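Notebook open, structure loaded. I want to look at helix packing, ring pairs and the core.

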Amino acid sequence: MKKAVSIYSILIGISMILMWVFFLVTGSVPEFETEPIRITMHILAEVLTAILLIISGIGIIKQKSWAKMLTLLSLGMLIYTLIQSPGYFMETGEYIIVVMFAIMLLFAAYFAIKTIFNKKS
């Protein structure tokens, strides 16, 4: 289970960073024109989430004592963003992305619960 949580955390963290790099490089963030402060804070929160996911995934692999707590924190941050972010895509009618976020949310919640009740570590 630890391996699955670490792989999930690292892959999602990297994917989040790559997604924002793509959106920013292609100029696909029109909110910079209409809500620059809100979108900047949103991106900052998501990048921080991504970085913590990557660090916690590496920490699990290396069996660091702090990895379980950081995993719970980063998965909690991810769960929040997976609940909040689909609203934008619902408004734009991009329901495939909403479904993708829902699946990711189920995995994140499952891994968080498994981490909480893991007797080892």
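Contact, as I use the word here, means heavy atoms within 4.5 Å. I'm working from a predicted model, where local features need pLDDT of at least 70, side-chain atom pairs count only at pLDDT 80 or more, and totals for chains, interfaces and linings use all residues. Residues are numbered from 1 along each chain as its sequence is written, and side-chain values use heavy atoms, with hydrogens and water left out.

**Entry: Thr81.** I looked up Thr81 and found it in helix 4 (helices are DSSP runs of H or I, at least four residues, numbered from the N terminus). Buried or exposed, Thr81? Thr81 is buried, because its relative accessible area is 9% (buried is under 20%, exposed over 50%, partly exposed in between, with a 1.4 Å probe and protein chains only). Leaving out residues up to four places away in sequence, Thr81 touches Met16, Glu46 and Pro86.

**Entry: helix 3 against helix 4.** I checked the axes of helix 3 (residues 36-61) and helix 4 (residues 67-84): they come within 8 Å and cross at roughly 145°. Axes here are lines fitted to C-alpha atoms over the stretch in contact, and angles run from 0 to 180 degrees between N-to-C directions. I listed the residues that meet; among them are Glu46, Thr49 and Leu53 in helix 3 and Leu75, Leu78 and Thr81 in helix 4. The residues of this contact divide into 12 nonpolar, eight polar and one charged (Ala, Val, Leu, Ile, Met, Phe, Trp, Tyr, Cys and Pro count as nonpolar, Asp, Glu, Lys and Arg as charged, the others, Gly among them, as polar).

**Entry: core.** Which residues touch the most other members of the largest nonpolar core? Of its 19 residues, they are Tyr8, Ile12, Leu75, Leu78, Leu82 and Ala108. Such a core is a set of buried Ala, Val, Leu, Ile, Met, Phe, Trp, Tyr and Cys residues joined through side-chain atoms within 4.5 Å. Helix 6 gives the most to this core, with six residues.

**Entry: rings.** My search of the whole structure gave eight aromatic pairs. Trp20 and Phe23 are edge-to-face, because their ring centres are 5.7 Å apart and their planes at 85° (Phe, Tyr and Trp rings, the six-membered one for Trp, pair if centres lie within 6.5 Å; planes under 30 degrees apart are stacked, over 60 edge-to-face, the rest tilted). Both lie in helix 1 (residues 2-25), three residues apart. Trp20 is buried at 9% relative accessibility, whereas Phe23 is partly exposed at 21%. I noted a cluster too: ring pairs link Tyr8, Phe107, Tyr110 and Phe111.

Terms used
Helix = DSSP H or I, 4+ residues; strand = E, 2+ residues; numbered from the N terminus.
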